[in-house]
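Colleague: Could you take me through this model feature by feature, giving the general idea before the particular case?

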Amino acid sequence: MKLINKATIILPVIFACGIFIFATTNDAKGTKEETVYDFPAKLDFAGEETPLKISDVKERFDRELLVNVNLHASTILAIKRANRAFSVIEPILKKNGIPDDFKYLAVIESGLVNVVSPAGARGIWQFMPETAKERGMEVNENVDQRYDLEKSTQAACSYFLSAKVKFGTWTLAAASYNGGMAGVNKQIGIQKLSNYYDLLLSEETSRYIFRILALKEIMKNPVKYDFAIAPGDLYNILPTRKVAIDSTISDLADFAKREGINYKILKIHNPWLRETKLLNETGKKYQIEIPLKGY
């Protein structure tokens, strides 16, 4: 009887406490997950204004901004990697007369790492094999320059310049990097419009510029979007020296040891070397980077 009386008293208390804890947890969770920010008054890509006065344009940007603000890990990693990758990309864009905003295209293509897409695109700029060869890169089982950031950035610049001549705007040039020149040009012909923000394109290409704009906004204003990363936590570019090679290297592990590093470090700094050796029967000149510190 005493046990029953005690249970009668204790169970309601536990139930009430559970409701209180659940409510408190949900309130705390709601506060934590709620993202509040001042919506940008103006946006542009490569100096070309984004017409936020058009309702669907504003909503499409809002979607990509919200998504990337809340992809905490990947956005933080992009900001950290950009400190290293942008130091290579920016001067090449500038040398070719390409607006600086195109560096954010590399961010959304690959997260600034050498990834492989299901379709076979590779590297930070995500070139397909034939497109890479058309743009002057060597692509085979032994050497794949899609993994060379300097050479792939130069190839990307070549594409952007061609697309700008074809379409007349940097925005459409950037969109065509995703949708293809032929694909975008076909829709321009069908819809009789030549403004990216007026065109109805595929889902991926329709989101493409807005993803670039979202990453640009966040990465230029990281504190505003709660991505305050200390300078010491950014990934720095390591100083290197370049070794000119015009012959075959039969064993890259031995070569690395002779240069004072190991095979892993050699491949980290020269990911375009795809095998355990470098075949070079034609005497082609290659530049192999050897880090001066950091290991």
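Colleague: What share of the contacts between residues at least 6 apart in sequence join residues at least 24 apart?

Modeller: In this predicted model, 61% of the contacts in the protein chain between residues at least 6 apart in sequence join residues at least 24 apart. The chain has eleven helices and four strands, and of its 295 residues 41% count as buried.

Colleague: How should I read the confidence, and over which residues does pLDDT stay under 50?

Modeller: The mean pLDDT of the protein chain is 90, with 88% of its residues reaching 70 or more. Over residues 1-32, however, pLDDT stays under 50, and for that stretch the model has one contact beyond four places in sequence.

Colleague: Which residues have the most contacts inside the largest nonpolar core?

Modeller: As a general idea, nonpolar side chains in soluble globular proteins tend to be buried together. Here the largest nonpolar core has 64 residues, and those with the most contacts inside it are Ile89, Phe102, Leu105, Leu112, Trp125, Phe160 and Tyr177. At least two residues of this core come from each of α2 (55-70), α3 (72-95), α4 (103-110), α6 (149-167), α7, α8 and α9 (203-220). A second, separate core of 17 residues includes Tyr147, Phe255, Ile261 and Ile290.

Colleague: What does Phe160 touch, leaving aside its neighbours within four places in sequence?

Modeller: With those neighbours left aside, Phe160 is in contact with Ile98, Phe102, Leu105, Trp125, Trp170, Ala173 and Tyr177.

Colleague: At what angle do helix α7 and helix α8 pack?

Modeller: Helix α7 (residues 170-179) and helix α8 (residues 181-191) pack at about 115°, and their axes are 7 Å apart. On the α7 side the contact involves Leu172, Ala175, Ser176 and Gly179, which meet Met181, Gly183, Val184 and Ile188 of α8. By class, the residues of this contact of α7 with α8 are five nonpolar, three polar and no charged.

How values were computed
Residues numbered from 1 in each chain as written. Predicted model: local features only at pLDDT ≥ 70, side-chain atom pairs only at ≥ 80, totals over all residues. Heavy atoms only, no water. pLDDT = per-residue confidence, 0-100. Contact = heavy atoms within 4.5 Å. Axes fitted to C-alpha atoms, helices over the stretch in contact; angles between N-to-C directions. Nonpolar A, V, L, I, M, F, W, Y, C, P; charged D, E, K, R; others polar. Core = buried A, V, L, I, M, F, W, Y, C linked by side-chain atoms within 4.5 Å. Buried < 20%, exposed > 50% of the residue type's maximum accessible area, 1.4 Å probe, protein only.
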